[in-house]
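Take a walk through the model shown here.

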Protein chains: 2
Amino acid sequence: MSGRTVTEERTCTQRILRMDGRGGRVGATRYREIAESLRHAIRTGTYPLGSRLPSESDLSARWEVSRGTVRQAVALLASEGLIGSRQGARRVVLRQERRQSFQQLNSFAQWAQAMGCEVASRILTRTVRTATDEEAGRLDAEPGSEVLYVLRLRWLDGEPVMVERTVYAGWVAPAVLELPEDCVSIMDSIAERADIVAHYGEHLIDAVAAGSEDARLLRVRRASPLLRQRHLTYTAAGRAIEWTDDRYRAGSVVFNVMNSAGAAPLERRAGPDVRG
Amino acid sequence: MSGRTVTEERTCTQRILRMDGRGGRVGATRYREIAESLRHAIRTGTYPLGSRLPSESDLSARWEVSRGTVRQAVALLASEGLIGSRQGARRVVLRQERRQSFQQLNSFAQWAQAMGCEVASRILTRTVRTATDEEAGRLDAEPGSEVLYVLRLRWLDGEPVMVERTVYAGWVAPAVLELPEDCVSIMDSIAERADIVAHYGEHLIDAVAAGSEDARLLRVRRASPLLRQRHLTYTAAGRAIEWTDDRYRAGSVVFNVMNSAGAAPLERRAGPDVRG
DNA sequence: GGTGCCAGCTTGTATGAACAAGTGGCCCTC
DNA sequence: GAGGGCCACTTGTTCATACAAGCTGGCACC
């Protein structure tokens, strides 16, 4: 709750955004209401897997909205991978479960809590240093500018499952430095305290062999397989917040992507071993 | 071919559509044209990274289309992760490169060729057998029905980089069985010959240790890390085509996903070691 | 000179209309 | 009975309009 009048509206929006991450509702518009209702109907089996949704005209009559609004609602569900559509044929139910929100994907803690797991975190190292060239490039910062490096270990139900090595941009560092060592969700905390909210993310996923530090922390053998997720997080204005290297113990986490001929969010890239 | 004067202009648009359809590209509609033009402008630096796109009214004036059509175009770019948007502020360029198409993601061969790599494939095993319970579940088939199991090895620039174990649904098997051992792209071939076209996909990505067969084929040590991509492919009608387990040698391939608070296509799931 | 506020710009939501194009089932024919 | 053609239904594309909501920069006031 900021005291400044200017940013009051903004603060309000951010509050709603944060609520969304927690599992609450975002601003209720007509098409979102319809989407939520359809989501519920799909999840509870009113429209079973593989069945066909009512036509757009049916839905627009039932909800007393225009066809355009119905189309926005179903487009939302399609983007979530719940339904598929092709011209001429009624829409088909492809999945029943709702996909995780952006916030849940960006926040390990939120994801774990939503699953009902007991989650713990500990910051092992926290140092301010000059950025390497790669880090500066990723964070879109001046070469040689200062960044905050954080090494963190994460547990699920008492088991160490993930090592996190994050480089925070200089302008974020003060907010992160004042957090306690066992802070469960850094992203949540800096959103609340400093109004630094993640809005976009880019993820690079591959497999690596555990280094000696990884092995010691995760209690696995050296060179055993780890799933690596490097990600870059941006604010709504497109400013880079952090560049992270997360390594999961094999078997603990699976990433899931759904795509279609219409929308292909996943991309395969050549690694260092293959020259493009 | 309508003779009505009223619809003349629109008919013209549609004619363009059909011509482009024959040309190999998917339907060129007005909003797709605009999107492609913007994509090009972004890629070539007319709108540099971080810069702001012209407003919707600018674009609609420039292209002589309604604002709704412009919105469809920019929505397409946003879904590709190229641009971000927030209410009240102009759209921002987030990336310059174009994302791979769905076809390229589903077809290893298409992807490799687009990268300019020399790609080779060899089918090592091809057997018809009854589906396991898991396979039947994934393919949405009767338990105990027949499926086609294919083991394939893939090379990039002469190096073995991927082992592929695919289970094709019974109705697809005949089309796959008649293909040669060194067929480069099975999906392309069955699309052409039997009109079996992939339209949706679901991907599960994690890391595993190389088994002895994996190790022998990929020429790596046993238990060395591999990036595993399991995916399920569907037709436009939602019928399952195949269920695949691809294992890439570490370092050869990286998966990339971009998401935002608006669209979160990527999802993290608990693996077998964590109970949800 | 700095802070606060507002006006104008820009994106988001919603309506209603029209035509194009693909799907699927019915019916008729051979 | 099999095949083809026709037609009603459904989704895709496009237009024009209106108002709501959020952002930005400049102006006025202190």
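In chain A, H3(A) packs against helix H4 (residues 67-79) at an angle of about 110 degrees, and their axes are 9 Å apart. Axes here are lines fitted to C-alpha atoms, for helices over the stretch in contact, with angles running from 0 to 180 degrees between N-to-C directions. That makes H3(A) roughly perpendicular to H4(A) (angles under 35 degrees count as roughly parallel, over 145 as roughly antiparallel, 65 to 115 as roughly perpendicular and the rest as oblique). Helices (H or I, at least four residues) and strands (E, at least two) are DSSP runs, numbered from the N terminus.

This is a predicted model: local features need pLDDT of at least 70, side-chain atom pairs count only at pLDDT 80 or more, and totals for chains, interfaces and linings use all residues. Residues are numbered from 1 along each chain as its sequence is written, while chains are lettered from A and ligands numbered from 1 in the order in which they are written.

Which residues of H3(A) meet H4(A)? They are A:Glu56, A:Ser57, A:Leu59 and A:Ser60, and they meet A:Arg67, A:Val70 and A:Arg71. Contact means C-beta atoms, placed from the backbone, within 7 Å. Ala, Val, Leu, Ile, Met, Phe, Trp, Tyr, Cys and Pro count as nonpolar, Asp, Glu, Lys and Arg as charged, and the others, Gly among them, as polar.

Now look at chain B. The axes of helix H3 (residues 56-63) and H4(B) come within 9 Å and cross at roughly 110 degrees. That makes H3(B) roughly perpendicular to H4(B). From H3(B), B:Glu56, B:Ser57, B:Leu59 and B:Ser60 meet B:Arg67, B:Val70 and B:Arg71 of H4(B).

Strands come next. In chain A, strand E1 (residues 83-86) runs antiparallel to E2(A), joined by three bridges; strands pair if DSSP finds at least two bridges between them. A:Gly84 has A:Val92 as its bridge partner in E2(A). The hairpin of E1(A) and E2(A) has two residues between the strands, and A:Gly88 there takes a positive phi near 95 degrees.

In chain B, strand E3 (residues 119-130) and strand E4 (residues 146-156) pair antiparallel over 11 bridges. B:Thr130 is partnered by B:Glu146 of E4(B). E4(B) is also joined to strand E5 (residues 159-168), antiparallel, by nine bridges. Here B:Trp155 stands opposite B:Pro160 in E5(B). In the two-residue hairpin of E4(B) and E5(B), B:Asp157 takes a positive phi near 50 degrees.

Chain A divides into domain 1 (24-93) and domain 2 (102-249), with bounds from an automatic or database domain assignment. Their C-alpha centres lie 36 Å apart.

Finally, turn to the DNA. Around DNA strand D there are 27 residues, of which A:Ser55, B:Arg30, B:Val65, B:Thr69 and B:Gly88 come nearest. A residue is near if its C-beta atom, placed from the backbone, lies within 6 Å. The elements giving two or more residues to this surface are helix H1 (8-22), helix H3 (56-63) and strand E2 (89-93) of chain A, with helix H2 (30-43) and helix H4 (67-79) of chain B. The largest share, four residues, comes from H4(B). By class, the surface near DNA strand D has four nonpolar, 15 polar and eight charged residues.

Technical notes. Contact = placed C-beta atoms within 7 Å.
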